[in-house]
Structures are given as structure tokens and as C-alpha cells.
Amino acid sequence: MKSSSPKEVKADYGNWVSKRLIWFPGVLAIIFLALSFFSYYFLVVALPFLIIAAYFSYAYYEFSPAGGNIQAGIRRFVLDRLEWDGRGKALDIGCGNGALTVRLADKYPDATATGIDYWEGKWEYSLAACEKNASIEGVADRTKFLKASAISLPFEDGTFDAAISNFVFHEVKDAKNKRDLVREALRTVKKGGHFAFQDLFPSKKLYGDIDEMLEEIRGWGIDNVRYIDTSNADFIPRPLKLPFMVGSIGIIYGRK
């Protein structure tokens with residue numbers, strides 16, 4: 001009788017949709033549905049919570065590897081904008097559980113990748129998870145992870161040949177002017193290096209007018225800078241293109 005092979009260990013990069021967004025309205029919906037036995041009024045109250053729980057359950061599934069794996073598609077969309085030959089050192093700003101750092105190291109076997117994150121707040125990410133995922137994916141020897149703030153990166157000017165960031169800058173509370181995060185990220189890229197940053201760039205509240213921001217970046221001596229609206233990507237389902245999901249994100253990319 002043959003023994004079964006050990007279960008394959010897979011990397012865990014988390015889900016952008018917190019389970020609290022599912023169970024909290026779900027529990028409230030159940031409570032109000034139970035109360036509807038006493039009054040139909042509670043049935044009306046329960047309906048919005050049912051819809052919210054159902055929507056975020058759908059979003060959780062679509063973002064997960066078991067569903068649409070949209071998170072991986074969005075990360076790939078960032079890497080596809082990085083027009084780099086893959087030789088040298090790269091920086092991933094706000095690496096979370098190391099997903100983009102690992103994907104970059106996997107795509108570019110001649111590169112080393114450094115991921116930084118503050119690893120605090122509402123996200124269930126950690127340094128230990130990054131290192132574990134890199135080991136599982138076989139790139140631990142070419143990746144390293146450090147705790148640091150995106151507004152004050154602990155690197156000299158021009159340290160990296162490439163820099164990337166995915167959906168992070170808007171979360172950095174230490175930066176009142178979010179454009180300062182872009183400037184700080186570009187500071188670490190050497191002249192001639194490449195970059196691709198994805199965030200809520202269409203939000204005028206956070207970044208102002210996108211064309212004016214691109215002109216400001218060019219004023220920093222970076223002529224090759226372009227913008228693409230991620231929400232127009234065909235692989236993102238229409239229900240996820242709402243403003244509070246991924247309907248208001250874009251990528252600034254180019255060469256320094």
C-alpha cells in the first residue's frame with residue numbers, strides 16, 4: 001500500500017477583502033431576519049446587510065486564488081508596466097505579505113528584490129509571512145524584507161535599478177501630500193532605472209489632477225513618465241470596478 005505524499009505547502013498572500021466585511025453585516029442580517037418573525041419591519045432592515053455581505057463574499061472569492069485570482073492579475077498588470085531588463089536590484093514599496101516582491105524575483109532570475117513595509121494597522125501582513133512565502137516560492141536567496149516607512153525610505157539616492165509599488169501610497173498616514181511618496185520612491189531609483197507605481201492616482205482628493213501631477217514629476221527631471229488607468233483592464237469584473245474597490249486605480253510608470 002502506497003503512502004500518500006505530503007500536502008503541498010502554498011504561499012499565502014492574504015486577501016484584500018477582510019473577512020470582517022463579510023461576517024459583520026452577515027451576523028447583523030441574521031439577527032434582523034430572526035427579529036422579522038415579530039415584525040416585517042426587521043426584514044426590510046436585514047436586506048441591506050444581506051446585500052453587503054453577499055457583495056463582499058463575491059469580492060473575496062474573485063480576489064482569491066480559488067476564484068478569479070484578480071489580486072494576482074492586478075499585480076501582474078504592475079509588473080507588465082515595468083519596462084526593465086531584470087538585471088540589478090529592485091525595490092517593492094509596501095510589500096504586504098511579499099506577493100509582488102516574490103513575483104518580481106521569480107520573473108527576473110538575475111535580479112535581487114527588497115520589500116519594505118510598516119506591517120501595522122488593519123492588514124494581516126508580517127515580515128515572517130514575507131520570508132515564508134519567499135522560501136516556499138524558491139526565491140528566498142534573492143529577496144529580503146525590511147520594516148520601513150514609504151515616506152522615509154532607508155536607502156541612499158539611486159540605490160535601485162527598479163522600483164515598484166502596488167496600492168500602498170494612499171495608506172501612508174505620515175504623508176499629508178501623497179505626491180511626496182512618489183518623489184521619495186523615485187529618489188531611490190538610479191538614473192536610467194525603471195519604475196511602476198499603482199495607487200488611487202485618479203483620486204483628485206489624494207493626488208490632484210493627474211496631468212498636473214505628471215507635469216510635476218517631469219519637473220523633477222523625469223521625462224519618461226506615463227499613466228494608465230487600471231480600472232479599464234478587461235480582466236477585472238464590472239462589479240469590482242466600483243470606486244471603493246478597484247474602480248479608481250491607475251499606474252504611473254516609466255524611466256528615470
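Predicted model: local features only at pLDDT ≥ 70, side-chain atom pairs only at ≥ 80, totals over all residues.
Residues are numbered from 1 along each chain as its sequence is written, and side-chain values use heavy atoms, with hydrogens and water left out.

Helix 4 itself spans residues 99–107, and its buried residues are Ala99, Leu100, Thr101, Val102, Leu104 and Ala105. Here, buried means under 20% relative accessible area, exposed means over 50%, and partly exposed lies in between (1.4 Å probe, protein chains only). Alanine 113 belongs to strand 2 and counts as buried because its relative accessibility is 4%. Beyond its neighbours within four places in sequence, alanine 113 is in contact with Ala90, Thr101, Leu104, Ala105, Arg142, Thr143 and Lys144.

Strand 1 (residues 88–93) runs parallel to strand 4, and 4 bridges join them; two strands pair if DSSP finds at least two bridges between them. Within this pairing, leucine 91 stands opposite alanine 163 of strand 4. Strand 5 (residues 189–199) also pairs with strand 4 in the parallel sense, over 6 bridges, and here alanine 162 stands opposite histidine 194 of strand 5. Together with helix 6 (residues 179–187), strands 4 and 5 make a right-handed β-α-β unit. A crossover is right-handed if, with the strands pointing away from the viewer, the path from the first strand over the helix to the second runs clockwise.

Aromatic rings come next. The structure holds 15 aromatic pairs, where rings of Phe, Tyr and Trp (its six-membered ring) pair if their centres lie within 6.5 Å; planes under 30 degrees apart count as stacked, over 60 as edge-to-face and the rest as tilted. Phenylalanine 56 and phenylalanine 244 form a tilted pair, 6.3 Å centre to centre with 55 degrees between the planes. This pair links distant parts of the chain, 188 residues apart: phenylalanine 56 is in helix 2 (residues 41–63), and phenylalanine 244 is in the loop between strand 6 (224–229) and strand 7 (250–255). Phenylalanine 56 is buried, at 12% relative accessible area, whereas phenylalanine 244 is exposed, at 54%. Elsewhere, Phe32, Tyr41, Phe42 and Phe49 form one aromatic cluster.

Charged side chains also meet rings. Arginine 81 lies over the face of phenylalanine 77, 4.6 Å from the ring centre, and the charged end of lysine 147 sits over the ring of tyrosine 118, 4.9 Å from its centre. A charge sits over a ring if NZ of Lys or CZ of Arg is within 6 Å of the ring centre and within 35 degrees of the ring normal.

For the whole chain, there are 8 helices and 7 strands, and 48% of the 256 residues count as buried.

Methods. Helix = DSSP H or I, 4+ residues; strand = E, 2+ residues; numbered from the N terminus. Contact = heavy atoms within 4.5 Å.
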